[in-house]
Amino acid sequence: MSAPSLWLMKSEPDVFGIDDLARKKTEGWNGVRNYEARNFMKSMKVGDKVLFYHSNAKPSGVAGIAEVSRTAYPDPTQFDPKSDYFEPRATPAAPVWFQVDLRFVSKLPRLVPLDELRGTPALADMALFKRSRLSVIPVTALEWKIITGLAKS
DNA sequence: GCCAACGTTGGC
DNA sequence: GCCAACGTTGGC
């Protein structure tokens, strides 16, 4: 089996933050409506590691660690006409949007804020900055090591 | 297939 | 709440 891949996934803590994941233990990551993010989720394997990022927060930054507990399956909200995430083009036989399940691993010793990530030269090439609006982003092993290291200092 | 208009994300 | 960035939609 290949090594787990590493990711960063964004969530607004006012809606669902790391403390919510800690309480619920696992969560279906529904509501992703971007093709590139969807394709990243489809490539995830059980055991892949995820940096849980708080967006639209005070401050925004990396708050914790999760792991993929279920590989991609159709996002049920796309079939629900009452949902904000309803997708009229989708049918159960031909779903458009997918989600994975994430399991809580840990909360970082401290939140690593965005401006600190920006201020770290070794992280200058992070996809997080180049693709600032993407909510599912691949992370390199070095980036992972640096960010989790910052959280311990 | 181009591109203007529009909608959404997310930092501030 | 504002607005820049940028992905998506739809007219042609």
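A residue is near a strand if one of its heavy atoms lies within 4 Å of it.

Before going on, the ground rules. This is a predicted model, in which local features need pLDDT of at least 70 and side-chain atom pairs count only at pLDDT 80 or more, while totals for chains, interfaces and linings use all residues. Residues are numbered from 1 along each chain as its sequence is written, chains are lettered from A and ligands numbered from 1 in the order in which they are written, and side-chain values use heavy atoms, with hydrogens and water left out.

Back to DNA strand B. The residues around it are Lys10, Tyr53, Ser55, Asn56, Ser60, Leu114, Arg118, Ser132, Arg133, Leu134 and Ser135. Of the atoms of DNA strand B that come within 4 Å of the protein, 67% are accounted for by sugar and phosphate.

Now the polar contacts, meaning pairs of N or O atoms within 3.5 Å; within protein, one must be able to donate a hydrogen and the other to accept it, and residues adjacent in sequence count only if both atoms are side-chain atoms. On DNA strand B, a phosphate oxygen is 2.7 Å from a side-chain N or O atom of tyrosine 53, and a phosphate oxygen is 2.9 Å from a polar side-chain atom of serine 60. What does arginine 133 reach with a polar side-chain atom on DNA strand B? A base oxygen, at 2.6 Å.

Arg133 is also among the residues around DNA strand C, with Asn34, Tyr35, Lys130 and Arg131. By class, that surface has 1 nonpolar, 1 polar and 3 charged residues. Sugar or phosphate holds 58% of the atoms of DNA strand C within 4 Å of the protein, and bases hold the rest. A polar side-chain atom of arginine 131 is 3.2 Å from a phosphate oxygen of DNA strand C.

Next, the strands, which are DSSP runs of E with at least two residues, numbered from the N terminus. Two strands pair if DSSP finds at least two bridges between them. S1 and S3 run parallel, joined by 6 bridges, and serine 11 stands opposite histidine 54 in S3. In strand S3 (residues 49-54), 5 of 6 residues are buried, that is, under 20% relative accessible area with a 1.4 Å probe and protein chains only.

S3 also runs antiparallel to strand S4 (residues 61-74), with 6 bridges. Across that pair, tyrosine 53 has valine 62 as its bridge partner, and histidine 54 has glycine 61. Which residue takes a positive phi in the hairpin of S3 and S4? Asparagine 56, near 50°, in a hairpin with 6 residues between the strands. S4 is in turn joined by 10 bridges to strand S5 (residues 98-113), antiparallel, and there proline 74 stands opposite phenylalanine 98.

Technical notes
Nonpolar A, V, L, I, M, F, W, Y, C, P; charged D, E, K, R; others polar. Buried < 20%, exposed > 50% of the residue type's maximum accessible area, 1.4 Å probe, protein only. Helix = DSSP H or I, 4+ residues; strand = E, 2+ residues; numbered from the N terminus.
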